[in-house]
Structures are given as C-alpha cells and as structure tokens.
Amino acid sequence: MTDPDPRTLVRPYTLTGGRTTASWPPETVVSAVDAIPEPRRPRSAAGTLPDDELRRLAGLVRGPVWLPGDVGFAEELASTYSAVEHRPRVVVGARDSGDVAAAVAFAVERGLPVAVQATGHGAVRPVDDGVLVSTRRMRGVRVDPDARTVTVGAGVVWSEVIAAAGPYGLAPLCGSAPGVGVVGYTLGGGISPLARTFGFTADHVLAAEVVTADGTVRLVDADHEPELFWGLRGGKGNLGVVTTLVLRLFPIATITGGGLFFDGSRAEEVLRAYPRVTAGLTEATTTSLSFSRLGHRTRGGTLPAVHLRVAHLGPGADEALAGLRALGPVLDTVTELPFSAIGTIHDDPTEPADVFKRGLLLADLAPGAVEAIARAVGPDVGEPVASVEIRHLGGAMTRRPEPDNAVGGREATYGVFVVDTHARADRVRRLVEALQPYSTGAAVNFLGTVTESDVVATAWSPGDYRRLAALKGRVDPDEVFRFGYAIPVPEDDGRPPEAAAIVAAARPWRSIAELAAGTRLPLGVVRVLVTDLADAGLVRVHRPGTGADTDQLERVLRGLRRRL
C-alpha cells in the first residue's frame with residue numbers, strides 16, 4: 001500500500017509553505033533541537049512604574065541612563081536622518097552587549113517593550129513607551145585583512161568601515177549614504193550601489209552577536225542556531241538586538257561612478273528611456289534614476305533634478321555606459337573614483353526630514369508603470385510628487401546565498417521609492433496605488449513611513465513571512481521588540497499539531513519510520529513535515545554515510561537492538 005499524496009489531505013501539513021513531497025529513507029534518524037529557550041513572560045504593564053524603579057537601571061549597566069527631563073535625554077534621542085520624536089520611559093546608552101542584555105532583561109521583567117537606535121535612520125514611528133537602547137557608543141571596528149572580514153559594533157556607520165578597510169585595499173558593501181548605520185541597514189537586506197555585482201549586503205554576513213528577548217547574548221552563524229541566523233539576515237529588528245556583525249569585505253580600491261544630470265524638462269523622456277538602456281547592462285553596472293525637487297540639486301527651481309546614478313566595477317566602463325550617455329546629459333560626473341568617495345554617487349541628503357515615504361518593488365518597468373510615474377514627475381504635471389527614485393535591481397541580487405537568509409524581493413527588477421511632505425502624502429499614496437498592479441512586494445528597508453502589518457508582510461514571500469513569524473513566536477513570544485517594521489506573533493507557533501507531535505517524539509531521537517508509527521501519520525506526510533521542521537531549525541536530520549551522522553546512526557541502531 002502506498003502513502004497517500006499529501007496534497008490530497010485536508011490539513012496543510014507543511015510548516016514553511018509549499019512543499020508536498022520529500023524522499024527521506026525510513027531509517028533516517030531525526031533528533032529534536034531545543035536551542036532557543038522561551039523568554040520570561042513580563043509580569044505586568046509598566047504604566048505605574050515609578051521613576052526611582054526605572055533609575056535602578058543605572059546600577060546594572062556601564063553606560064549612561066536618562067529619564068525624560070534629564071540633561072542629555074533629548075540629545076541622545078536625536079536622529080541623524082529622521083524627524084521622528086521618540087518618547088520612551090527610559091534611555092540606556094549601551095557600551096557593550098552586557099549593557100544591552102541588562103536593559104532587555106530589566107524591561108522584560110517589568111513589562112516594558114524595547115526599542116533600539118543607532119543613527120536613527122530607520123526611525124519610522126515614535127517610541128512612545130518602554131526602554132530605548134541607544135547603541136551609538138558601540139563603535140568597535142576590527143578588520144581582518146587576511147580573512148577579508150570586518151567585525152563591527154552596533155553603533156558603527158559605513159564611513160567608519162570604509163576608512164578602516166581602505167588601507168588594506170578592501171571595501172564593504174555599504175549603502176549609498178555612508179553615514180547610515182551598518183547593522184540596521186544590513187538586517188534589512190542592504191542594497192548597495194554595487195548590489196547587482198555582489199547581491200544584498202546581508203548575503204555576506206558571516207556571524208552575528210544578538211541579545212534575544214530572554215536577555216541572553218547569543219553568537220549565531222551557519223553552525224550555531226542556524227534558524228536564528230537565517231532570520232536575522234533580512235528579518236530587520238524583529239528577533240533581538242544585534243550587537244555585533246561579521247561581514248565579508250571585497251578587494252576594491254577604485255570604482256567608476258558618478259552621475260548623469262539632465263534638464264528637468266526632459267524628465268519624462270529620460271524615464272521612458274531608462275528601461276531600455278538598463279536592459280542590456282551586465283552585473284558589473286548598478287544604476288538608479290532620481291527625480292527630485294528636494295535638496296540642493298534643484299537650486300530652488302520648480303522642475304525636478306533628473307539624476308541618473310552610476311556605479312561600475314571593473315574594465316569596460318565606457319562600453320557599459322555608452323547607452324546611458326547617449327541620452328545626452330547636460331552634466332556628466334562619471335569618472336574613476338576611490339572607493340572612499342562612493343557616497344558622492346547618490347549624493348543623498350543628510351539633514352533630518354519630516355517626510356512621508358513609501359516604497360515597492362516591480363517585476364519590470366512595464367509601460368503602465370512608466371505612465372504612472374510620468375504622471376507624477378513629468379515637467380507638465382500640476383501637482384508633482386517631491387521625489388521619486390527608481391533603482392535597477394536584479395543581477396547577483398537574484399541568487400540566494402549559502403546558507404540561505406530571510407532577505408525578500410529577489411525576483412524584482414526595479415525598486416521605486418516615493419517621498420513627499422506629510423501634507424502631500426495623498427500624492428505618494430496615489431502613485432503607489434497606481435504601481436501596485438506591477439509590484440512584486442516591497443524591500444523592508446524601503447517600506448517607508450507605513451508600518452501596518454499587512455504592508456510589512458509584503459517585504460517577504462508568504463512562506464518566508466510565516467517562517468519569520470513562527471521564529472518570532474519562539475524567540476520573542478511577548479513581542480518585546482515591537483517597534484518599527486514589526487512582525488506580529490501568530491496566535492500559535494505556526495506548527496500544525498502533527499508537526500508539534502513529531503518534535504516531541506524526536507527527543508532524543510527517532511527514525512522516520514518510528515515517527516510515522518508513533519504518530520500514526522502516513523510516511524509521506526512525516527517526510528514532508530520533517531523536511532520543513534529541519535528547514536525551520538527545530539529538528540536535525542542524520543543522514544547515513546556522512547561522518548558524524550554515521551556515528552549517530554550507529555548509536556541509534558545499538559539502541560534499537562537493545563529495545564528489540
């Protein structure tokens with residue numbers, strides 16, 4: 001008798017979404033993983049906590065502690081880029097991971113949520129309660145030129161990494177604005193000016209130190225807590241406070257980069273040509289196109305500054321850029337640059353701005369999408385949007401790293417980011433709505449001002465979102481980290497009851513055949529569930545003939561003989 005096809009069963013038996021077949025031999029051994037304990041449950045809400053109770057934090061940490069009204073409180077909350085005004089109950093100026101762990105444990109025991117800020121670039125809504133951990137003092141940067149890696153603290157900005165790596169002829173996959181913090185940018189994926197050449201910055205994270213909601217400092221990498229390592233790289237700040245990252249560096253001393261500037265009256269013409277001129281570019285070239293009435297480039301005029309940004313790595317720059325230059329810019333600043341000048345390519349504004357922002361990803365710049373953008377930025381538009389940026393994606397960004405991570409949006413070819421004042425937010429919404437039929441989702445770092453959970457969910461595939469939500473439910477079931485682009489904890493841990501039964505039965509180990517017999521599930525269903533549970537880091541699968549796994553199987557066989 002053959003196993004029933006799992007697709008014919010009423011209950012959805014998969015955990016991570018979509019898999020319906022698996023081919024583990026019946027003798028394959030499965031062992032449960034209990035690497036991540038549940039955090040302590042908060043005792044109560046913190047609304048009645050007196051100030052002297054909050055000030056106890058000062059005796060638990062090395063860094064400074066401020067309450068509202070204290071000298072330095074407002075200065076510590078000030079953001080480099082965002083005009084968002086936070087109103088936390090207490091601020092901790094963490095100096096190391098021990099301070100972060102103490103602050104998180106203190107908050108959880110008193111029912112307070114926790115927020116984290118380095119530069120404040122990622123601030124999208126106010127922190128109105130709880131403990132805000134400021135990591136700007138955690139500025140350690142250590143380059144290993146032989147391994148081509150850099151280890152950075154949570155408060156480090158990209159310009160510091162560029163300066164530290166440059167003397168060794170090495171460079172990081174930094175953002176377009178070197179003043180942005182390394183950690184927040186990378187946890188959201190990270191789209192570098194060289195992204196088409198090397199992929200997302202998160203694809204090159206080798207290890208991380210993170211404080212989870214139980215106040216524990218964890219060192220995670222491909223071999224240690226791999227599921228948490230998967231989720232940190234692309235899951236933004238949902239799973240804990242990352243205090244250290246180890247990232248890969250690249251042997252880059254110079255790049256070809258700069259801008260092609262066009263008269264504002266040609267905005268629509270350049271826009272319509274952009275899909276054609278980017279279609280033939282190789283992975284060596286990454287570009288973006290900006291239409292902006294914000295910043296010094298407009299020189300106070302009413303027409304948008306049309307700025308085509310270019311970053312090319314390696315030889316053949318003139319050939320690669322011929323199609324772009326054929327558009328006839330009025331100013332061409334593209335030239336060979338030291339990598340330290342990479343921030344001049346986008347020339348992003350650095351002043352705090354109280355603006356409304358939205359972003360989304362597109363499968364392509366289809367004619368309908370181009371028309372929608374043209375209606376928002378063209379020279380004859382009566383009520384134009386203040387700023388629209390289009391980034392050409394694809395290339396190496398489409399390839400998943402090994403080990404895999406939670407970064408979404410790999411199928412997109414273009415990203416669009418729209419900015420205007422809050423008073424004119426409806427113009428942003430109208431453009432985003434017009435682009436929705438062509439959208440594949442969003443990039444979490446470019447979601448913008450909107451933080452509703454249904455919008456945040458579009459930054460990942462449905463399967464990865466469910467997997468992140470299930471992981472969130474295990475490492476932060478009380479949603480201690482609930483600010484920013486928060487993923488809500490599901491009502492359960494996302495596992496069907498049969499999956500939970502398999503995890504329970506696999507302690508300390510069982511063969512797949514035994515699991516099927518013990519749970520009375522069809523063998524094919526058990527195979528699928530085991531595969532999904534292994535992907536989620538909840539069980540380990542020991543395969544015959546693979547070193548340590550062979551030793552494990554021999555121990556299992558000896559145990560089976562004794563039991564028989």
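Buried, in this talk, means under 20% relative accessible area, exposed means over 50%, and partly exposed lies in between, with a 1.4 Å probe and protein chains only as cover. Helices (H or I, at least four residues) and strands (E, at least two) are DSSP runs, numbered from the N terminus.

This is a predicted model, in which local features need pLDDT of at least 70 and side-chain atom pairs count only at pLDDT 80 or more, while totals for chains, interfaces and linings use all residues. Residues are numbered from 1 along each chain as its sequence is written, and side-chain values use heavy atoms, with hydrogens and water left out.

Helix H16 comes first. Which residues of helix H16 (residues 512-519) are buried? They are Ile512, Leu515, Ala516 and Thr519. Seen down the axis of H16, these buried residues fall within an arc of 100°, taken from the directions from the helix axis to the C-beta atoms, so they line one face of the helix. The face turned away from that buried side carries the exposed residues Ala517 and Gly518. Cover for the buried residues of H16 includes strand E1 (29-32), helix H15 (497-505), strand E20 (510-511) and helix H17 (523-535). After H16 comes Arg520, with a positive phi near 60°.

Now strand E5 (residues 131-134). Val131 and Val133 point one way, Leu132 and Ser134 point the other way, and all are buried. In a regular strand the side chains alternate between the two faces of the sheet. Two strands pair if DSSP finds at least two bridges between them. Strand E3 (residues 90-93) pairs with E5 in the parallel sense over four bridges, and Val91 stands opposite Leu132. Strand E4 (residues 114-117) also runs parallel to E5, joined by four bridges, and Val116 has Val133 as its bridge partner.

Next, the cores. A nonpolar core is a set of buried Ala, Val, Leu, Ile, Met, Phe, Trp, Tyr and Cys residues joined through side-chain atoms within 4.5 Å. The largest has 97 residues, and those touching the most other members are Leu308, Phe339, Ile373, Val388, Ile390, Val416 and Leu435. Helix H11 (residues 367-377) gives the most to this core, with seven residues. Domain 3 (141-248) and domain 4 (254-453) each supply at least three; these bounds come from an automatic or database domain assignment. Apart from this core lies another, of 28 residues, among them Leu49, Val100, Val480 and Phe481.

Last, the whole protein: it has 18 helices and 21 strands, and 56% of its 564 residues count as buried.

Terms used:
Contact = heavy atoms within 4.5 Å.
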